[in-house]
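User: I am new to this structure and would like to learn how to read its features one at a time. Could you take me through it slowly?

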Amino acid sequence: MERDYQREFTFSPPQATSTAAEVDWLYYSLVGMTVFFTLLICAVIVTFMVRYRSTARLNRRIHVSHKRLLMIEIGWMLPPLAIVMGSFFWGAAIFFDQRQEPADPLRIYVVGKQWMWKVQHEGGRREINSLHVPTGRPVVLTMISEDMIHSFYIPAFRSKMDVLPGRYTVQWFEPTQTGTYHLFCAEYCGTDHSRMIGSVIVQTPEQYAQWLEDDEEEPPASRGRRLFQQYRCNDCHVQSEDRRGPPLTNLLGSQVTTVDGRTVTADLKYFRNSIRNPDDDVVAGYQAVMPPYPQITEEEILLIMAYLESVSAGRAEERASQQGAAPDAAAPEDQAPSESGNSEPGSSPPRENPPGGPSPQQPERQEQQPRNQSPE
Ligand code: HEC
Ligand SMILES: [Cu+2]
């Protein structure tokens, strides 16, 4: 592919988000101030060198009063202090603004791994090394890494955030300008770090909606459903007489009471930890029989989440009223409308499965899967 790198890598990339201009203002003022003071100090040095050179005939025994000395001291300390504190508060304001999640965002999930970016859209599409986003709406990226520390950097958005193993991090932006922009990994992460790049495609809301629909891949919710069965989650998390695990529909966003009497908000972090370290927060009314699943990848956790969300009624309160009910009480799975036409957890096996069903927890097979299934 022929590319015009000179034009692509300009000193100042396009300002493609609502906050980009503000970041640039701060940046250019810092550069401006630095240049100004560097020149000023150089000029003073040169002037003094000439003026007070050893051969110059000057009265070198000037007496300066105490009061004047004090004024000079204050004079050189206060203005720089004001300038430095001013830039600090300015930068901090922008920083806090970028850290505060906006209301009603579009949520997109990103998994970094050596050496690619995997992206999962809430609307049901996945992509690799590219990110499609619409204009006019804040986008929140929830990100996690399968291996090393990576960093998701979009220069045109003036937005960058580390992507860590074992912990979700978040960044948000509101694209304002359609176009294609660079995406970089900005944290050295091994041999092919420099190739961990991609493009961010900003579309109009209509184009984006169309793009979400033009999906030939299996949607995340349906992949998640297969994983749910493959890992035998439905052995325990289904509606049945001897169900051993709590219902998982309408879990996200609800309040969970643990056996030791704590109340925890079931966010994505809680969900993930329930799978990785089930004994950390054992749900009240249940035995700690769930095995940990270290072999499930971060991507698979997000896919299972997408599946459970797709069969949830989306109302956390509904679940709250059922919380604490006996394990064999009616499960919300029964009432949950299944939007995508999926079967409920645990019902008839999905047709994608080969006859005989997949063998659960077979590392080789699971290792293969993301690659076989991935777009491109
Ligand atoms: C052997 C039975 C069993 C299997 C298999 C099992 N779980 Fe569980 N799970 C439980 C039990 C029991 C609890 C409640 C006690 C606890 O929190 O450890 C639970 C709790 C959870 C919770 C927290 C639920 C809440 O209401 O807070 C999540 C999320 C979860 N499991 C997901 C999964 C997923 C995903 C799988 C498959 C990868 C899975 N479980 C497989 C038994 C199981
Ligand atoms: Cu990387």
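**Reading the sheet, the helices and the ligand shell**

Analyst: In this predicted model, an open sheet is built from five strands, which follow one another in the order β3-β2-β1-β5-β8 with mixed pairing. The strands at its edges are β3 (126-128) and β8 (169-173), and each has a single partner strand, so one side of each is left without a neighbour in the sheet. From one strand to the next, the twist averages 25°.

User: Which strands does β9 pair with?

Analyst: Strand β9 (residues 179-185) runs antiparallel to strand β6 (residues 150-154), to which two bridges join it, and F184 of β9 is the bridge partner of Y153. β9 also pairs with strand β10 (residues 197-203), again in the antiparallel sense but over six bridges, and in this pairing T180 stands opposite I201 of β10.

User: Which helix lies across β1, β2 and β5?

Analyst: That is helix α7 (residues 298-310), which lies across β1 (106-113), β2 (116-121) and β5 and runs at about 155° to β1.

User: How are α2 and α3 oriented to each other, roughly parallel or roughly antiparallel?

Analyst: The general idea is to look at the angle between the two N-to-C directions, where a value over 145 degrees counts as roughly antiparallel. The axes of helix α2 (residues 20-51) and helix α3 (residues 66-99) come within 10 Å and cross at roughly 160°, and α2 and α3 are therefore roughly antiparallel to each other. The crossing in which α2 passes α3 is left-handed. On the α2 side the contact is made by E22, V23, L26, L30 and M33, and on the α3 side by I83, S87, W90, G91 and I94; these residues divide into seven nonpolar, two polar and one charged.

User: How many residues surround ligand 1, and which are the closest?

Analyst: Ligand 1 is surrounded by 27 residues, of which the closest are C233, C236, G245, S274 and M290. Helix α6 (residues 268-276) gives the most to this shell, with three residues.

Notes:
Residues are numbered from 1 along each chain as its sequence is written. Chains are lettered from A and ligands numbered from 1 in the order in which they are written. This is a predicted model: local features need pLDDT of at least 70, side-chain atom pairs count only at pLDDT 80 or more; totals for chains, interfaces and linings use all residues. A residue is near a molecule or strand if its C-beta atom, placed from the backbone, lies within 6 Å of it. Helices (H or I, at least four residues) and strands (E, at least two) are DSSP runs, numbered from the N terminus. Axes are lines fitted to C-alpha atoms, for helices over the stretch in contact, and angles run from 0 to 180 degrees between N-to-C directions. Angles under 35 degrees count as roughly parallel, over 145 as roughly antiparallel, 65 to 115 as roughly perpendicular and the rest as oblique. A crossing is left-handed if the near helix is turned anticlockwise from the far one by less than a right angle, and right-handed if clockwise. Two residues are in contact if their C-beta atoms, placed from the backbone, lie within 7 Å. Ala, Val, Leu, Ile, Met, Phe, Trp, Tyr, Cys and Pro count as nonpolar, Asp, Glu, Lys and Arg as charged, and the others, Gly among them, as polar. Two strands pair if DSSP finds at least two bridges between them.
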